[in-house]
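Dear colleague,

Please find the structure below, followed by a short account of what was found in it.

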Amino acid sequence: MVAAAAAAMALALAACGGGGDEPEGGGSGSGGADEVEVFTWWAAGSEKAGLDALVGVFDEQHPDVTFVNGAVAGGAGSQAKDLLQTRLQAQDPPDTFQAHAGAELQDYIDAAQIEPVTDLYDEFGLTDAFPPDLVDRLTASDGEIYSIPSNIHRANVVWSNPQVLKDNGIDPAATYADLDAWMADLDKLEAAGVTPLAVAQAWTQVHLLETVLLADLGAEGYSGLWDGSTDWEGPEVTAALQDFEKLMAYTNTDRDGLDWPESQQLVIDGNAAFTVMGDWAEASYAEQGLELGTDYDAAPVPGTDGVFDFLADSFTLPVGAPHPDGAQAWLETVGSTEGQEAFNKAKGSIPARTDVDTASFGEYQQSAAESFQADTIVSSLAHGAAVPVATSTAITDATSKFTSGASDLAAFQSELAAAAAG
Amino acid sequence: MTSVVEAEAGRPVDLGRAAPRERFTVGRTLRYLVLLLFVLVVLVPVYVLLVTSFKGPGDAAPSRAWNLPQVWTTANWETAWSTLAPAIARTVQMVVPAALISAFLGSLNGFVLSRWRFPGADLVFTLILFGMFIPYQAVMIPLNQLVLGLGVPSGVPSLILLHVVYGIPITTLIFRNYYMTVPQELIEAARVDGAGMLRTYAWIVLPISVPSFVVVLIWQFTSAWNDFLFAVFFSSSQNGPVTLALNNLANGALLQDYGVSMAGALFASLPTLLVYVLLGRYFMGGLMSGSVKG
Amino acid sequence: MPTATRRRAGVRRAVRRSGAPLLLLLPSLILVGVFVYGLIVANARQSATDNHTAAQATGQAPTTGVGLRNYLDLLGSEEFQHSLTNLVLYTVVFLVGTMIIGFAWAWLLDKPLRGEGIFRSIYLFPMAVSFIASGVVWRWLLNSNQDEQASGLNRLFQMIGLDALQNNWWNNVSVGIVAIAIPAIWQLSGYVMALFLAGFRGIPVELREAARVDGASEWKLYRHVLFPQLSPIALSALIIIGHMSLKAFDLIMSISKPANYQTKVPAVDMYVFKSAFDYANAAAVGTILLVIVAVVIVPYLVHTHRQGKS
């Protein structure tokens, strides 16, 4: 009897405790007006600014649909991904969620958790507005497209500190034809006691790895790694991995405890000369009021000029979304010219659409937009465009093992081959 | 040979002095020196935490970890508070019911298992006790599915459920050991008066369990407050406790703000530290009882 | 009375004796039965399937039983062996560290001393703090930069002239995990101290006096009187600290990152598997951890159970 009372108390408390803490979502059905719960990890900084701008456009385009912010902070997306996994498993999906476009969606597709949006592409005229290369890369193996990209980032960018370079007798404006040329200057920096190349924890090392593979194998060779036409165990890959090994030798020893903003800050503060990071790093500079050309430089990673290593944030249509109409309205805004212009200007990335006027964008963004139109596009490995999650995890594990000294090059190469095959 | 730690069964602990004071000797000075050295070592992290939490943005960098602040500022404390306050509120909402319910269940169990000798009582106790030692990873995957399946909302409700369930073994242990020391005459007297088990529990045993309750409540409070594993698997930064929020603050932010994370770490630890400072004896009682003895 | 009736009467009596207690225990028994034993079985069953992908997890693709294959693959993989090695290393260092320091503190504080309470409180307070909170500052302290760019403990060593002690802490791929044991030792030595202190104090004064009267030297006193009295406590401490170390997760998440090879332990592997939708392997890791714990705990529980009976 007492125990029953205790159990009842527990349930009652659970009910009370549950009330106020749930994120808004699911049919609350407030008198006719539709809504859309948008699940992202854009909870702070320039990402939040971008989201806010996008919401502004959304409210204009679809005044009858209420925007519900389901943003989850923490871990640069890992918290959000964990929560999303739980919610999808519990069949309590948000109306739309943010995910990297490309192969990362494969798990959701296989698990029948997202709907194809190919008809929306026709409806919104996106197939013509996006570069054909991009549309190709967004199309899954079954011929359908499963998400609408809101922005494009470039991964193969090297950032430098001109002052540090000048102080060590290197011309900041110098461009390098390939990795070897670059390493000559990196040697000079090392001899002078400056950290030549800053890098952070495992995924940023994979990021570096992909740019090295891109530089040494070329666009076609690199793309071949993911569709099976390039041999992972071949000599070209071995050579690329050797370059990777050499580059890692130029990096800061405390890398495994850092995240990308910290390694970026090393360059900003002048404690390191170069770092390879995607162009979301632009936001760090903007926040600190620094100017392109004077305080920092950005260039394609040596050997990858003319190639745009892309990754895209995109929005999906989950199966069983509580408000599919609201979701569709959101997707329309995401793909629209006004939406993409507002969002990207605030976030620091570039639109996926080719018909957005970028005249009012920042200097770096304008050059990136030009490259996107003109260059060959390849998919990023470290950011979910080229391979699904399981492969990416296996590659990250193999990389961490290698860079921490637990495996040699040959073992590293085999592990990468196994990861890409499996 | 009687067990040495007998007295500590779920009682507040007094580790008082054992013998009269020694006179001043070289040995004594040496001891003081060594003890002081240890104090310095133990306080090193605290120094860094405190000092960094008062530093401004540029100052709070790893390279300046050992220097005193150039400018003492409380801005970090304010930011940390506003960032962590919702999570702290949720943690309180989670910890209090969990501690109360698991203490109550533990008391019931402890009483039954120590006083009502039915066949197999010891075996049941050992089986329950095993639950205290299992690594939670061994049940995490199906646990996730079970909690989802039961429809318990993630965040505070799930965590309450989990801390109650997995708190049962340790609370049962503490109470059982405590009740073992209750004189049998008390129980007999009640039985002679015709009281059944429930009556005996409610009217005789419960009133004298206060010290043990305090010990258990404090122990459960601390362990639920500091838990991270369940928080990671069963809640998110939107509805989770302060350990999760603190980890996000320290490890997940776009631009690392060390001063704020250090201030945050202090805030997150404040309640348990307060409990420790104010109710140290009861805290120790929990520690001792946590050690299983014969 | 015929035997059947007698038996029934006996059963009725037994039920009356155990009925009420069992009823009161019932909620806990059900909860523990389901949430501990039931889930252990469920976990083991899941670990015997090939449920490695998201598609299988949601039932879109079929799963089949694979017996012990996941275990064989895991235990045979270099990475998991590295995790296990790390775990053993961590546990040993953690245990030895806390036992030695805890005992040292208890021994130093045993003989009365002014300010003993303060020393005790200071040594014990780290235990009230969560691993996550302590990880925030230990991350800094254990930073692996050395010499010019040193910060954290390496810089401290430089400042007090112990330059040679600098090292790369947890970044070391073979023994880096030992560095993670340091915050753990810092937090839990106080606990061991409290146990031993209570142990020391619990030893009747007469025993010590008697030994001294018999002319026993300090060392003999410890060896033949105090240590035997303290051994049940030491055992307790070993068990508690040991099983805590096997669950090591919070500290690593706070100080290092899950992806880092140097500080991989099974608990982190489990988290990574789960995040990659590989539920079968996650479950297998959990069961492996359970077996390791059980190997130590079960004999201990059986021992105390038997002691309780006598």
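The largest nonpolar core comprises 308 residues, and those with the most contacts inside it are Leu246(B), Ile180(C) and Phe196(C). Such a core is a set of buried Ala, Val, Leu, Ile, Met, Phe, Trp, Tyr and Cys residues joined through C-beta atoms within 7 Å; buried means that 20 or more other C-beta atoms lie within 10 Å of the residue's own, with C-beta atoms placed from the backbone. Helix α8 (residues 177-202) of chain C gives the most to this core, 18 residues. Helices are DSSP runs (H or I, at least four residues), numbered from the N terminus. Leaving aside residues up to four places away in sequence, Phe196(C) touches Gly102(C), Phe103(C), Ala106(C), Leu230(C) and Ile233(C); contact requires C-beta atoms, placed from the backbone, within 7 Å.

This is a predicted model, in which local features need pLDDT of at least 70 and side-chain atom pairs count only at pLDDT 80 or more, while totals for chains, interfaces and linings use all residues. Residues are numbered from 1 along each chain as its sequence is written, and chains are lettered from A and ligands numbered from 1 in the order in which they are written.

The contact between chains A and C takes 26 residues from chain A and 28 residues from chain C. On the side of chain A, α17(A) provides the largest share, seven residues.

Nine of the 12 residues of α14(A) are buried, so this helix is largely enclosed by the rest of the structure. Trp330(A) and Leu331(A) are among the buried residues.

Chain C is divided into domain 1 (4-37) and domain 2 (64-309), with bounds from an automatic or database domain assignment. Their centres, taken over C-alpha atoms, are separated by 40 Å.

Yours sincerely

Notes: Helices (H or I, at least four residues) and strands (E, at least two) are DSSP runs, numbered from the N terminus. Two residues are in contact if their C-beta atoms, placed from the backbone, lie within 7 Å.
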